[in-house]
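Here's a walk through one structure, taking in its helix packing, its domains and its ligand site. Have a look at the picture first, then read on.

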Amino acid sequence: MSLSSRDSLETAIGARAAGADHARGDLAADIDDLRTQGWLAACLPRDAGGSGWGTDADGTQNALDALRTIGRANLSVARLFEGHMNAAKLVTLYADEQLRHETFSAVRGGALLGVWGADDPSEPLTLDAASNRLRGAKRFTSGLGLVNHAIVSVAGEDGPQLLVVATDDDQRSDASVWQMGGMRATRSGRYDFDGFVVEPHQKLGRPGDYLREPFFEGGIWRYCAAHLGAAEALYRAMRTELVARGRAGDPHQQRRLVDAAISTETARLWVTRAARAVEADRAQPETAALSLLARDVTERSCRIVMENVEQALGMGAHIAGSPVERIGRDLSLFLCQAAPDAKRARAAQTLITIDCELEFL
Ligand SMILES: Cc1cc2nc3c(=O)[nH]c(=O)nc-3n(C[C@H](O)[C@H](O)[C@H](O)COP(=O)(O)OP(=O)(O)OC[C@H]3O[C@@H](n4cnc5c(N)ncnc54)[C@H](O)[C@@H]3O)c2cc1C
């Protein structure tokens with residue numbers, strides 16, 4: 001990844017972030033930039049024409065830096081890019097030749113991928129084996145109108161079956177149900193799959209593959225990297241503002257600066273450690289615990305940064321639509337992802353089971 005491409009993308013996406021911060025916010029220009037700079041194709045493995053970001057072990061650092069960079073610029077765009085990287089990884093791991101060829105050709109042609117796992121509780125997605133038709137809907141479908149192909153899960157006795165499906169039918173999309181204070185432009189609404197016919201070759205892997213470790217929970221380092229980017233942006237904004245106001249020499253403010261700096265760096269070290277361990281060739285299932293722990297550290301670090309920034313800037317941190325206010329709003333919502341108590345419990349279970357120090361995991 002060239003530094004100039006990284007910096008210019010961060011500047012361009014960051015400059016549009018405030019304008020997109022509403023329910024009809026349009027991230028098309030941002031996704032176009034990622035496309036033309038080659039960042040969507042970079043998530044493909046090298047042997048498929050990509051740079052292995054998130055798919056090859058030696059692409060891990062670039063993947064992490066890309067997610068952080070976009071997270072600093074606009075967390076909503078980072079959410080979509082993370083879904084794309086996650087989907088490319090799942091196809092790399094589990095697709096047969098035909099599905100891999102079709103999906104990766106689409107990405108080389110500019111397609112944006114997503115992973116839509118959350119069922120609409122009133123109408124969970126099911127696949128009728130006789131007719132090959134889907135029933136039900138997905139919710140929290142980030143990227144409505146922009147994601148061209150999504151990986152969706154269908155529950156089954158032997159575990160969830162993944163499918164790769166086209167998602168560009170506006171009639172099936174409903175972004176109006178996404179009424180959140182933050183991450184507004186992700187348009188994470190609802191997509192109705194009722195009657196959608198699935199061809200056999202659209203099945204991605206076997207039932208239960210989705211939950212295989214260290215890739216399932218292990219993969220959450222990706223959204224932690226996006227969270228980290230937002231925390232870094234808040235820290236930078238605090239430092240700039242304190243210097244500009246002539247308050248950076250005040251000992252109370254210096255304590256806040258130090259606490260926030262330590263928190264962002266702690267999260268960066270943990271996320272890097274988790275990403276490298278999980279994405280290493282032949283990584284063992286237990287390494288997923290490092291991502292689960294990194295998630296806990298990242299959430300705590302982000303909350304420390306948000307609290308210190310708010311106290312450091314006072315009312316200035318609450319000016320509606322200002323970068324600090326918007327990023328804080330986006331980050332506190334994105335930190336909800338997903339089921340944090342269950343993730344901590346899973347990490348604890350590994351800690352109880354393994355017979356070694358974390359250092360050797
Ligand atoms: C910005 C954003 C984008 C998203 N995009 C996508 C997407 O593209 N695709 C997708 O599939 N999903 C997406 N999601 C959804 C996400 O993966 C989770 O499904 C969602 O964050 C869970 O929402 P919740 O906080 O309401 O969950 P809840 O499960 O209600 O969690 C709230 C709290 O309750 C706790 N809790 C959970 N279950 C229990 C229980 N049984 N008993 C007691 N406590 C419990 C949790 O640990 C947590 O502390 C997105 C979420 C966000 C915030």
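Is the crossing of H6 and H8 left-handed or right-handed? It's left-handed. Keep in mind that this is a predicted model.

**Two helix pairs**

Let's stay with H6 and H8 for a moment. H6 covers residues 221-244 and H8 covers residues 288-313, and their axes come within 9 Å, crossing at roughly 20 degrees. At that angle, which falls under 35 degrees, H6 is roughly parallel to H8. On the H6 side, the contact includes Trp-221, Cys-224, Leu-228, Leu-234, Tyr-235 and Met-238. Among the partners in H8 are Ala-294, Cys-302, Val-305, Met-306 and Val-309. Sorted by class, the contact of H6 with H8 comes to 15 nonpolar, 4 polar and 2 charged residues.

H6 also packs against H3, with the axes 7 Å apart and an angle of about 45 degrees. That makes H3 oblique to H6. Here the crossing is right-handed. The H3 residues involved include Leu-64, Leu-67, Arg-68 and Ile-70, while H6 puts in Arg-222, Ala-225, Ala-226 and Glu-232, among others. His-227 and Leu-228 of H6 are part of this contact with H3, and they also turn up in the contact with H8. By class, the H3 and H6 contact has 8 nonpolar, 4 polar and 4 charged residues.

Here are the two pairs in one place:

| Helix pair | Axis distance | Angle | Handedness |
|---|---|---|---|
| H6 and H8 | within 9 Å | roughly 20 degrees | left-handed |
| H3 and H6 | 7 Å | about 45 degrees | right-handed |

**Two domains**

Zooming out, the chain is divided into domain 1 (3-211) and domain 2 (217-360). Their centres, taken over C-alpha atoms, are 23 Å apart. Domain 1 puts 25 residues into the contact between them, and domain 2 puts in 27. On the domain 1 side, helix H3 (60-73) and H4 each supply at least two residues. That side of domain 1 splits into 11 nonpolar, 8 polar and 6 charged residues.

**The ligand**

So where does the ligand sit? The shell around the ligand draws residues from both domain 1 and domain 2, so the ligand lies between them. In total, 22 residues surround the ligand, and the closest are Ala-118, Phe-140, Ser-142, Ala-338 and Asp-341. At least two residues of the shell come from each of helix H4 (75-94), strand E1 (113-116), strand E4 (137-141), helix H9 (323-334) and helix H10 (340-353).

Some spots in the backbone deserve a second look. Most residues other than glycine have a negative phi, and most peptide bonds are trans. The peptide bond from Gln-337 to Ala-338 is cis, with omega near -15 degrees. Ala-338 sits in the loop between H9 and H10, and that residue is one of the closest to the ligand.

Another cis peptide bond runs from Glu-213 to Pro-214, with omega near 15 degrees. Pro-214 is in the loop between strand E9 (203-204) and H6.

Then there's Met-183, which has a positive phi of about 50 degrees although it is not a glycine. You'll find Met-183 in the loop between strand E7 (173-174) and strand E8 (189-192).

Note on methods:
Residues numbered from 1 in each chain as written. Predicted model: local features only at pLDDT ≥ 70, side-chain atom pairs only at ≥ 80, totals over all residues. Near = placed C-beta within 6 Å. Helix = DSSP H or I, 4+ residues; strand = E, 2+ residues; numbered from the N terminus. Domains from an automatic or database assignment. Contact = placed C-beta atoms within 7 Å. Nonpolar A, V, L, I, M, F, W, Y, C, P; charged D, E, K, R; others polar. Axes fitted to C-alpha atoms, helices over the stretch in contact; angles between N-to-C directions. Parallel < 35°, antiparallel > 145°, perpendicular 65-115°, else oblique. Left-handed = near helix turned anticlockwise from the far one by under 90°.
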